[in-house]
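Work through these exercises with the structure open beside you. Try each task before you read its solution.

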Amino acid sequence: MNWMNRWPGPFPLFVDKAEGAAVVDVDGLHYVDFCLGDTGAMCGHSPAPTVAAITRQAARGITTMLPTADAAWVGGELARRFGLPLWQIALSATDANRFALRFARQITGRPKVLVFNWCYHGTVDETLATLDAHGQVQARPGSVGPQVDPALTTDVVEFNDLPALERALAGGDIACVLTEPALTNIGIVLPDNGFHDGLRQLTRDAGTLLIIDETHTLCAGPGGYTALHGLEPDLLTLGKPIAGGLPAAAYGFTHEVAAAIAEPITVSDDADVSGVGGTLSGNALGLAAIRATLGEVLTDAAFEHMIPLAERWADGVAGVIAEHGLPWTVQRLGARAEYWFCPPPRNGGDAAAAVDHELDAFMHLYALNRGVLLTPFHNMALMSPATTVADVDRHTEVFAAAVTELLA
Ligand SMILES: Cc1ncc(COP(=O)(O)O)c(C=O)c1O
């Protein structure tokens with residue numbers, strides 16, 4: 001996996017065990033883990049309630065291709081958190097996004113999807129597209145073997161650019177806009193004030209569905225950015241930590257979407273080739289793990305612990321930056337924070353241009369050698385329910401030492 005090789009140094013750490021917010025490598029060295037499996041372990045590694053539920057369910061049937069009672073609880077809880085009434089379960093956030101795109105194309109009868117420049121939504125073909133230097137859609141640099149030229153399936157505009165979005169939607173061929181509410185995969189890029197109102201209005205006016213991907217922005221709170229800011233997507237996708245790191249994901253939708261999709265996916269004789277689902281989707285083990293993780297681990301109280309820790313992490317870093325008068329900045333979204341070597345970018349194109357691979361590698365390796373793991377992409381840290389004040393202060397200490405050595 002190329003992202004395992006993205007860790008700094010000539011080889012990745014090999015892990016002996018991971019527990020709470022800590023990782024121990026095969027040499028017995030301990031690390032504070034701010035990467036947390038790039039969000040897959042946002043609940044902390046192997047949280048006790050999830051492990052207990054998995055152990056219990058594993059002895060009672062792992063997959064039967066039938067729902068268990070947990071399905072009803074999970075559907076209700078997702079509806080309570082995110083405000084969308086109806087849910088389906090998938091095995092990965094990638095799959096949830098792929099199925100949401102199919103729903104959107106089925107309902108609208110339109111061929112194209114629109115994403116923002118330098119987005120990431122998993123290995124979803126249509127989304128592996130960026131803008132080239134002339135503003136044309138191209139395959140994302142480095143993406144392997146595009147199935148078709150993404151310019152045929154996808155429109156791309158810059159995040160926070162409502163006029164460009166309006167122009168793209170005017171063609172009437174866009175089934176849906178798929179976006180994170182704040183970009184997190186090219187560093188954190190926050191929406192401008194009014195961006196989400198404009199996005200919702202423009203998509204409604206154009207008859208284009210709006211899909212919000214909360215896979216990473218779940219860090220904003222128990223109901224993600226959507227609940228925190230009252231967004232009104234037609235569909236919402238999420239995955240990664242919801243089953244404690246076991247492969248499981250979910251996508252929710254409105255009654256209108258459900259009514260429009262019910263016939264092709266449930267009633268028709270051809271439903272088994274509808275292009276959504278998968279044999280193991282919604283398996284009993286995954287549902288038990290989601291129930292335990294949402295019910296007992298990623299709770300409201302957990303976020304009340306995690307978000308102040310991210311504030312403390314950001315304040316610590318900002319204090320060091322100010323002390324040395326560096327032009328660097330810190331960005332934060334709920335329980336996630338990161339630093340930039342420049343002012344915070346407003347869109348993916350600017351964010352991609354601002355990446356300094358050499359400086360990133362130095363900061364990451366410096367931290368790693370002192371027992372602190374950062375997400376290998378960007379300079380990002382995520383807090384879990386198991387993260388402590390001491391963990392955060394250790395990062396600040398290491399960051400301060402790295403900056404002092406850089407300037408020496
Ligand atoms: C916002 C977002 N959506 C979807 C995905 C895909 O998740 P997975 O690789 O678990 O399918 C990712 C992965 O990084 C992501 O960041």
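**Exercise 1. Count the aromatic pairs, then classify the pair of Phe103 and Tyr251.**

Solution. Start with the count: there are 15 aromatic pairs. Rings of Phe, Tyr and Trp (its six-membered ring) pair if their centres lie within 6.5 Å; planes under 30 degrees apart are stacked, over 60 edge-to-face, and the rest tilted. A pair of aromatic rings is described by the distance of the centres and the angle of the planes. For Phe103 and Tyr251, the centres are 5.7 Å apart and the planes stand at 75°, so this pair is edge-to-face.

Phe103 belongs to helix H4 (residues 93–108) and Tyr251 to strand S12 (residues 249–253). The pair links distant parts of the chain, 148 residues apart. Helices (H or I, at least four residues) and strands (E, at least two) are DSSP runs, numbered from the N terminus.

Last, check burial. Buried means under 20% relative accessible area, exposed means over 50%, and partly exposed is in between (1.4 Å probe, protein chains only). Phe103 has 1%, so Phe103 is buried. Tyr251 also has 1%, so Tyr251 is buried.

A note on the source: this is a predicted model, where local features need pLDDT of at least 70, side-chain atom pairs count only at pLDDT 80 or more, and totals for chains, interfaces and linings use all residues. Residues are numbered from 1 along each chain as its sequence is written, and side-chain values use heavy atoms, with hydrogens and water left out.

**Exercise 2. Which type of aromatic pair do Phe116 and Phe195 form, and where do they lie?**

Solution. Read the geometry: 5.8 Å centre to centre, with 65° between the planes. The pair is edge-to-face. Now locate the residues. Phe116 lies in strand S5 (residues 112–116) and Phe195 in helix H6 (residues 195–206), so the pair ties together parts 79 residues apart in sequence. Both Phe116 and Phe195 are buried.

**Exercise 3. Find a ring cluster and a charge over a ring.**

Solution. Take the cluster step by step. Ring pairs link Trp313, Trp328, Tyr339, Phe341 and Phe399 into a cluster. Then turn to Tyr366. The charged end of Arg370 sits over the ring of Tyr366, 3.5 Å from the ring centre. The rule asks for NZ of Lys or CZ of Arg within 6 Å of the ring centre and within 35 degrees of the ring normal.

**Exercise 4. Which residues come nearest the ligand, and how much of the ligand does the protein bury?**

Solution. There are 13 residues around the ligand. Thr94, Asn185, Asp213, His216 and Lys240 come nearest. H4 gives the largest share of the shell, three residues.

Now look at atom pairs. A side-chain N or O atom of Asn185 is 2.9 Å from an oxygen atom of the ligand. A polar side-chain atom of Asp213 is 2.6 Å from a ligand nitrogen atom. For Lys240, a polar side-chain atom lies 2.6 Å from an oxygen atom of the ligand. Taken alone, the ligand exposes 390 Å², and the protein buries 84% of that. Such areas come from the Shrake-Rupley method with a 1.4 Å probe; for residues, only the protein chains shown count as cover.

**Exercise 5. Where do Leu36 and Ser46 lie, and what is phi for each?**

Solution. Most residues other than glycine have a negative phi. Leu36 has a positive phi, near 50°. Ser46 has a positive phi near 50° too. Leu36 sits in the loop between strand S3 (30–33) and helix H2 (48–58). Ser46 lies in the loop between S3 and H2. Compare their burial: Leu36 is buried at 0%, whereas Ser46 is partly exposed at 49%.

Methods. Near = heavy atom within 4 Å. Polar contact = N/O pair within 3.5 Å; in protein donor to acceptor, adjacent residues only side chain to side chain.
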